[in-house]
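Hi,

Here is the structure I said I would pass on.

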Amino acid sequence: MSYQALGDGQSGGYGGYNPYGANENPYSDQQTSYGYGGGHNDPEQGNGSYEMNAVPQSGGPTAILNKCKEMNDAIAELKTKREGQLVSAQNALLDSSTGKEDQAARQTVDYIEDEINTALRYLRDQFKRIKETPGSGDQRVSGQVENVNRNLRREIEQYQRTQSDFQKRLEEQVRRRYEIANPEATPEELEQGVALVLAGQEQSFAIPGTRSRQANDAHQATMQRSAAIRKIEQDMIQLGQLYQEVAELIHQQEPAVTQIDQSAEETHRNVAQANTKLDSAIVSARNARRWKWYALIVVILIICIVVGVAVGVTEANKSK
């Protein structure tokens with residue numbers, strides 16, 4: 001099953017967001033095993049697209065354990081992407097010095113963030129399917145199922161922490177660059193101006209003299225960083241909801257699975273009881289037939305005795 005089957009209708013999914021257009025994917029020339037970068041517009045045909053087999057609705061503990069392993073592998077790949085590509089792109093934005101670099105760096109950050117968000121929603125859906133699979137509550141697999149849940153929640157937490165740290169560093173840069181563009185602002189004006197910039201409202205960065213180009217770069221950098229901060233804030237809200245959904249799945253779906261397991265156990269007990277009763281019926285039938293033969297033999301013996309006595313009496317009367 002590929003990312004095309006997410007089914008949650010949220011923006012930023014596969015095929016839903018591409019800030020680069022048709023031929024401007026910054027990772028289009030990279031071969032990656034993650035599958036979150038290649039073929040963003042066509043998840044079925046993209047180079048290196050990561051696909052996960054559909055969760056079988058039957059097949060026993062082995063099938064569920066195999067699915068858990070696939071999910072753990074996917075989570076590990078996602079961690080590598082977050083610690084590698086995402087952090088590198090974030091640092092590129094923090095270190096950029098021109099308006100063109102700022103724009104390109106922020107687009108790259110947005111692109112990777114959307115890939116990670118898409119992957120996390122996909123893994124949530126896959127885990128939900130595992131929990132809905134009959135037998136997922138079996139003691140032989142429940143430990144691995146819970147381990148997948150913990151790993152997924154841990155990755156969401158780490159991603160939230162990464163984004164939170166990046167947001168703080170962006171805000172610090174916004175403040176510094178706003179100060180560059182407005183060197184005569186009072187502390188109150190600075191706070192108000194920074195708040196307006198972070199809210200996405202345009203500000204005047206004109207500085208008299210020969211620093212107009214630097215002021216323009218500061219303005220561009222501040223706008224790009226404020227846009228990145230607003231996107232992070234939106235993503236953090238969704239990540240919080242996603243974390244809660246994953247945490248609840250380990251318990252929320254358990255009653256349904258338990259009921260299936262209990263039904264199977266009850267059916268097994270009923271079959272065993274039926275077999276026991278059938279065995280008892282067979283034994284009873286055999287005993288009944290045996291007693292019928294005993295009764296018949298007794299009746300025949302009584303008849304023989306009666307006939308013998310009658311014959312003896314008759315013969316005795318004749319001899320008199």
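A quick term before the details: a residue counts as buried under 20% relative accessible area, as exposed over 50%, and as partly exposed in between. By that rule Glu-191 is partly exposed, because its relative accessibility is 44%. Please keep in mind that this is a predicted model.

Glu-191 has a salt bridge to Arg-175, with 2.8 Å between the closest N and O atoms. Glu-191 sits in helix H4 (residues 187–198) and Arg-175 in helix H3, so this pair ties together parts 16 residues apart in sequence. Arg-175 is partly exposed too, at 29%.

Glu-155 and Arg-82 form a salt bridge at 2.7 Å, N to O. Glu-155 belongs to helix H3 (residues 139–181) and Arg-82 to helix H1, so to speak distant parts of the chain, 73 residues apart. Both Glu-155 and Arg-82 are buried.

The other pair is Glu-113 with Lys-231, whose closest N and O atoms are 3.2 Å apart. Here helix H2 is tied to helix H5 (residues 212–252), across 118 residues of sequence. Glu-113 counts as buried at 1% relative accessibility, and Lys-231 does at 14%. Shared partners join Glu-113, Asp-114, Lys-231 and Asp-235 into one salt-bridge network. The count of salt bridges comes to 14.

Last, the helix packing. H1 (residues 60–95) and H2 (residues 99–132) pack at about 165 degrees, their axes 10 Å apart, which makes H1 roughly antiparallel to H2. Their crossing is left-handed, and the contact residues divide into 19 nonpolar, 4 polar and 7 charged.

Cheers

Technical notes:
Residues are numbered from 1 along each chain as its sequence is written. This is a predicted model: local features need pLDDT of at least 70, side-chain atom pairs count only at pLDDT 80 or more; totals for chains, interfaces and linings use all residues. Side-chain values use heavy atoms; hydrogens and water are left out. Axes are lines fitted to C-alpha atoms, for helices over the stretch in contact, and angles run from 0 to 180 degrees between N-to-C directions. Helices (H or I, at least four residues) and strands (E, at least two) are DSSP runs, numbered from the N terminus. Angles under 35 degrees count as roughly parallel, over 145 as roughly antiparallel, 65 to 115 as roughly perpendicular and the rest as oblique. A crossing is left-handed if the near helix is turned anticlockwise from the far one by less than a right angle, and right-handed if clockwise. Ala, Val, Leu, Ile, Met, Phe, Trp, Tyr, Cys and Pro count as nonpolar, Asp, Glu, Lys and Arg as charged, and the others, Gly among them, as polar. A salt bridge is a side-chain nitrogen of Lys or Arg within 4 Å of a carboxyl oxygen of Asp or Glu. Buried means under 20% relative accessible area, exposed over 50%, partly exposed in between (1.4 Å probe, protein chains only).
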